[in-house]
Amino acid sequence: MTYVTDPTAPMFSTVRTCTRCGFPSTEEGNDFDAMGVCKPCRSSEQKMRIDWAAKERELAALFDRYRGKGASGYDCIVPISGGKDSAYQLYLVTQVYRMKPLAVTFSHNWFTDTGRRNLAWCLDTFKVDHVMFTPAREVVNRCARRSLEVIGDSCWHCHAGVGAYPLRVAVERRIPLLVWGESAAEGSGQASYDDIIAFDRDYFIKISAKVEAEDFATAGLPLADLAPFRFPSQAELDAIGVVGIHIGNYVFWDHEAQTEFLRDRYGWRESPVEGTYKCYKSVECIMPGVHDFTKFLKRGFGRATDHVAQDVRAGLMTLEEGQRLIRAHDPVEPAVLDYYLAITGHDRAEFYAIMDDHRERLGAIPRADMDAALAAGRAKRTGRGP
C-alpha cells in the first residue's frame with residue numbers, strides 16, 4: 001500500500017508533486033521542469049516579471065476601442081455570479097475603467113443564501129443593469145446525474161451554461177466585448193502567463209465542460225431540454241465580432257487582497273465552503289463540496305490542495321502546514337453529497353462506483369490507496385481522526 005500516513009507529506013506516493021508547492025501531476029495539463037517545479041509555480045514566476053503597468057495601459061486602450069460600440073447602449077458584458085472574482089471584475093470595469101456594462105448571470109440554480117445576498121449586493125453597489133437566466137431545477141437535476149457519468153463531477157450544466165449564456169446575450173443584444181475574471185494561468189495546469197489560452201467559442205468546453213450539449217444529450221435528457229447550454233455558432237459570433245478577455249491577463253490578480261478589499265471596503269460577505277479552509281471561493285453555490293470531492297476521487301486532490309498550493313506560492317504558509325490542511329479537508333465526504341444523491345437518484349454505492357471508474361481510467365491512484373485516504377477522511381468527519 002502506498003497511502004502515506006505522515007501528516008506533513010503528500011497522501012499518495014504514486015502521485016508526483018511539485019517540490020515547491022506540492023501541486024500534483026494529476027492536475028490536467030500540469031508538468032514539471034528539471035527541478036521538479038510545476039507549471040503553476042513557473043507561471044507565478046512569470047507573473048512577477050510582467051510589466052503590469054504596460055498591461056493596464058493595454059487594457060485601457062482596448063476598453064476605449066469598445067466604448068460605445070454595443071448596439072444596445074452597453075460597452076461590454078460582464079458575466080457575474082456574485083462570487084469574489086466576478087465582483088472584483090465588475091468593480092474594475094465600473095469604478096476604475098468607467099465602462100457601462102450589462103451584467104449577465106447564468107444561474108446554476110444552486111445558490112446559497114450568502115450567494116444570493118452577494119449577487120444583489122454586487123448589482124446595487126456597482127449600479128449596473130442585469131439579466132439572469134435560471135434553468136428549470138428538474139433539468140438541472142437530470143444534468144447533475146448525467147454529469148457524474150460523463151465528466152466525473154456534478155456540475156456540467158454550470159460549466160456549459162456559464163460559457164454559453166453570456167455568449168448568447170452578446171449575440172442577441174449585439175454587444176461584442178465580454179470581460180471575464182481570472183486568467184487560466186492563475187493556478188491551473190492548463191495555461192501559463194507565457195502561454196495564455198485565447199478565449200474563443202470553445203474555451204469553456206476545453207477548460208471545464210469537456211463535452212458540448214449535442215454530445216451530452218441522451219434519450220432521457222433530449223437536446224431540446226439542453227437549449228440553455230448550447231453555444232451560439234461561430235458564424236453568429238463572427239457576425240458581431242465577439243471578443244472575450246480575461247481581465248486577469250491585464251491586471252495583477254491576488255485572491256487574498258481582492259477578497260479583503262471587497263469585504264472591508266464594500267461589504268462583500270464570506271462564508272464557510274465545504275472542502276477547503278478558505279471562505280470565499282464558490283461561496284455562492286451549495287455544491288462545491290461535491291464538485292471538489294469528485295476531483296479528489298478522480299485525481300487524488302481537492303480544493304484544499306488548490307488553496308494550499310496558492311498560499312505556499314504566496315509565502316503565506318509552509319508546505320508542511322499545508323499538508324495538514326489538505327488531509328483535514330480533501331478526503332472528507334461533504335455533507336451536501338446527501339442532497340446531490342437525493343436530486344439525482346444515485347445511491348451512495350453507485351456514486352463511488354462511477355468515481356472508481358473515472359479514477360481507474362486516469363490510472364494514477366490504486367484503489368487500496370484511495371480507500372485508505374477515505375477511511376482517514378471518515379475518521380476526521382466523525383471526530384475520531386487526528
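Biologist: Where in the chain is Arg174 found?

Modeller: Arg174 sits in the loop between α6 and β4. These names are DSSP runs numbered from the N terminus: a helix is a run of H or I of at least four residues, and a strand is a run of E of at least two. Before we go on, note that this is a predicted model, in which local features need pLDDT of at least 70 and side-chain atom pairs count only at pLDDT 80 or more, while totals for chains, interfaces and linings use all residues. Residues are numbered from 1 along each chain as its sequence is written, and side-chain values use heavy atoms, with hydrogens and water left out.

Biologist: What is the phi of Arg174?

Modeller: Start with the general idea: most residues other than glycine have a negative phi. Arg174 is not a glycine, yet its phi is positive, about 55 degrees. This residue comes just after α6. Ser282 is another such case, being a residue other than glycine with a positive phi near 65 degrees. Look for Ser282 in the loop between α10 and α11.

Biologist: Are Arg174 and Ser282 buried or exposed?

Modeller: We sort residues by relative accessible area: buried is under 20%, exposed is over 50%, and partly exposed is in between, using a 1.4 Å probe and protein chains only. Arg174 counts as partly exposed because its relative accessibility is 45%. Ser282 has 18%, so it counts as buried.

Biologist: How do I check the span of helix α6?

Modeller: Helix α6 covers residues 156-173, and its 18 residues should span 26 Å; the end C-alpha atoms are 26 Å apart, so the two agree. There is a bend of about 25 degrees at Val162, with the proline Pro166 following within four residues. A bend is the angle between axes fitted to the seven residues ending at a position and the seven starting there. α6 is also mostly covered, with 14 of its 18 residues buried.

Biologist: What covers the buried residues of α5?

Modeller: To answer that we use contacts, meaning heavy atoms within 4.5 Å. The cover includes α6, α7, α8, α11, α14 and α15. Among the buried residues of α5 are Val139, Cys143 and Ile151. After α5 comes Gly152, with a positive phi near 75 degrees.

Biologist: Which backbone atom lies 3.4 Å from a polar atom of the side chain of His358?

Modeller: A polar contact is a pair of N or O atoms within 3.5 Å; within protein, one must be able to donate a hydrogen and the other to accept it, and residues adjacent in sequence count only if both atoms are side-chain atoms. Here it is the backbone nitrogen of Gly152. His358 belongs to helix α15, residues 348-362, and counts as buried because its relative accessibility is 7%. Setting aside neighbours within four places in sequence, the contacts of His358 include Leu148, Ile151 and Lys298.

Biologist: How many salt bridges does the structure hold?

Modeller: A salt bridge is a side-chain nitrogen of Lys or Arg within 4 Å of a carboxyl oxygen of Asp or Glu. The structure holds 26 of them. In one, Glu182 meets Lys281 at 3.4 Å, N to O. That pair links distant parts of the chain, with its residues 99 apart: Glu182 in the loop between β4 and α7, Lys281 in the loop between α10 and α11.

Biologist: Which salt bridge does Arg303 form?

Modeller: Arg303 pairs with Asp292, and their closest N and O atoms are 2.7 Å apart. Arg303 is in helix α12 and Asp292 in helix α11, so the pair ties together parts 11 residues apart in sequence. Arg303, at 9% relative accessibility, counts as buried, and so does Asp292, at 4%. Elsewhere, salt bridges that share partners join Lys84, Asp85, Glu182 and Lys281 into one network.

Biologist: In which sense do strands β1 and β2 pair?

Modeller: Strands pair if DSSP finds at least two bridges between them. β1 and β2 pair in the parallel sense over 4 bridges. For Ile77, the bridge partner in β2 is Leu102. Both faces of β1 are covered: Cys76 and Val78 are buried on one side, Ile77 and Pro79 on the other.

Conventions
Expected span 1.5 Å × (residues − 1).
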